[in-house]
Amino acid sequence: MEKWEMKWLRWLLLMVVMVLMETERADAQLWTNFYKSSCPNVEAIVKKVVQDKFKVTLATTATLRLFFHDCIIQGCDASVMIANAKGDAEKDAPDNLSLAGDAFDTVIRAKKAVEAQCPGVVSCADILAIAARDAVVQTGGPNFPVELGRRDGLTSQASIVHSNLPHPDNDINSIINFYRGRHLTVNEMVALSGGHTVGFSHCAPVFSRIYDYKNKSGAVDPSMNPAFVRDLQRVCPRNVDPAIAINMDTFTPNNFDNKYYQSLIAGRGLFASDQDLYSSTLTRPAVERFAANQTEFFQAFAVAMVRLGRFGVKTGTEGEIRRDCTTFN
């Protein structure tokens with residue numbers, strides 16, 4: 001091949017890469033200074049609300065999970081915030097009933113504070129994205145720029161939630177494919193799973209692992225650390241209220257750190273889908289890297305959050321800017 005042909009191919013490859021990068025940005029139409037002129041103090045306002053909420057309750061960490069459940073369903077559009085009298089909005093779906101009320105309250109308070117200074121300007125979707133980042137920072141996690149410019153969605157249906165969420169009993173291949181369908185890599189999926197280092201779940205999802213594994217009465221998931229099984233059986237005895245709260249990370253449940261990955265290596269993953277990240281050869285290398293190097297985990301998590309925040313966003317003339325995050329205008 002002639003030198004000029006090689007140069008031309010290299011130039012063409014560079015152009016393709018640049019176009020792909022710009023296409024991803026154009027699809028999202030988000031940028032960090034979106035409110036530079038219209039509401040320059042928005043991030044400071046939301047941060048203050050999150051900090052004040054943390055002084056009241058550590059359950060504010062659940063704002064991160066609220067952001068994930070919003071984005072992963074039909075894009076980051078604050079549709080999870082809608083409440084209606086019929087009880088058929090996203091937040092009413094069985095899979096979302098465990099979302100913490102304090103997380104919703106954090107966003108509602110932040111919206112009210114922002115509206116006081118910049119009425120009708122900042123979407124609930126953007127406020128949720130900022131608040132989720134700030135909740136991570138408040139618990140010791142990485143700070144990272146939040147891309148802004150989302151608009152709020154116009155639909156919120158409980159019926160679409162279950163089929164659009166990954167579930168604790170999904171096998172690893174199904175979960176990988178789920179994230180790929182949302183333009184996220186395996187490494188980003190493992191990094192986002194690290195969000196389980198803070199917050200809580202409930203007894204219901206773990207019953208089958210500690211009492212009736214694979215529908216065998218008395219059977220226990222063999223991938224679990226025996227001491228961890230005993231701990232869970234004490235907290236979640238048979239016939240207990242399935243809504244009893246349990247920490248996602250049993251080492252440092254209130255700190256955003258890499259202990260979650262260390263717990264997987266120790267056989268202390270709360271959900272089967274957590275533990276499978278270490279059991280599977282597809283994801284184990286990332287688990288081991290993040291367990292050994294918190295800085296690498298933080299960097300990967302920040303990148304994954306930005307990428308997640310672009311999924312299915314409404315921009316331009318799409319959607320609306322809600323006056324109240326819980327109702328359509």
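These legends walk through several close-up views of a predicted model.

Local features here need pLDDT of at least 70, and side-chain atom pairs count only at pLDDT 80 or more, while totals for chains, interfaces and linings use all residues. Residues are numbered from 1 along each chain as its sequence is written, and side-chain values use heavy atoms, with hydrogens and water left out.

**View A. Helix 2 packs against helix 4 in a right-handed crossing.** Two packed helices are described by the angle between their axes and the distance between the axes. Helices (H or I, at least four residues) and strands (E, at least two) are DSSP runs, numbered from the N terminus. Here helix 2 (residues 42-56) and helix 4 (residues 101-117) meet at an angle of about 140°, and their axes are 9 Å apart. Helix 2 is therefore oblique to helix 4. Axes are lines fitted to C-alpha atoms, for helices over the stretch in contact, and angles run from 0 to 180 degrees between N-to-C directions. Angles under 35 degrees count as roughly parallel, over 145 as roughly antiparallel, 65 to 115 as roughly perpendicular and the rest as oblique. The crossing of these two helices is right-handed; that is the word when the near helix is turned clockwise from the far one by less than a right angle, and left-handed is used when it is turned anticlockwise. On the helix 2 side, look for Val-42, Ile-45, Val-46, Val-49, Val-50 and Lys-53. Their partners on helix 4 include Asp-102, Asp-105, Arg-109 and Gln-117. Contact means heavy atoms within 4.5 Å. By class, this contact has 8 nonpolar, 2 polar and 4 charged residues. Ala, Val, Leu, Ile, Met, Phe, Trp, Tyr, Cys and Pro count as nonpolar, Asp, Glu, Lys and Arg as charged, and the others, Gly among them, as polar.

**View B. Helix 3 meets helix 13 through nonpolar residues.** The axes of helix 3 and helix 13 come within 11 Å and cross at roughly 45°, so the two helices are oblique to each other. From helix 3 come Leu-64, Phe-67, Phe-68, Cys-71 and Ile-72, and from helix 13 come Phe-301, Met-305 and Leu-308. The tally by class is 8 nonpolar, no polar and no charged residues.

View C. The unreviewed UniProt entry lists Asp-70, Gly-75, Asp-77, Ser-79 and Glu-90 under "binding site". UniProt positions are given in the numbering used here, feature names are shortened, and annotations may be inferred rather than shown by experiment. Gly-75 sits in the loop between helix 3 (63-74) and helix 4, and Asp-77 is in the loop between helix 3 and helix 4 too. Gly-75 is buried at 0% relative accessibility, and Asp-77 is buried at 1%. Buried means under 20% relative accessible area, exposed over 50%, and partly exposed in between (1.4 Å probe, protein chains only). Setting aside residues up to four places away in sequence, Gly-75 touches Asp-70, Phe-311 and Gly-312. On the same terms, Asp-77 touches Asp-70, Ala-125, Arg-151, Asp-152, Gly-153, Lys-314 and Arg-322.

**View D. Pro-166 carries a "binding site" annotation in UniProt (unreviewed entry).** Pro-166 is in the loop between helix 5 (124-138) and helix 6 (172-180). With 22% relative accessibility, Pro-166 is partly exposed. Beyond its neighbours within four places in sequence, Pro-166 contacts Phe-68, Phe-178 and Tyr-179.

**View E. Thr-327 lies in the segment after helix 13 (294-308).** Thr-327 is partly exposed, at a relative accessible area of 36%. Residues up to four places away in sequence aside, Thr-327 touches Ile-82, Ala-83 and Arg-322. From Thr-327 to Asp-70 the separation is 257 residues in sequence and 15 Å in space, C-alpha to C-alpha.

**View F. Asn-215 and Asn-239 have positive phi values.** Phi is near 65° at Asn-215 and near 70° at Asn-239. Asn-215 belongs to the loop between helix 8 (207-210) and helix 9 (226-235), while Asn-239 belongs to the loop between helix 9 and strand 2 (245-247). Asn-215 is exposed at 76% relative accessibility, and Asn-239 is exposed with a relative accessible area of 82%.
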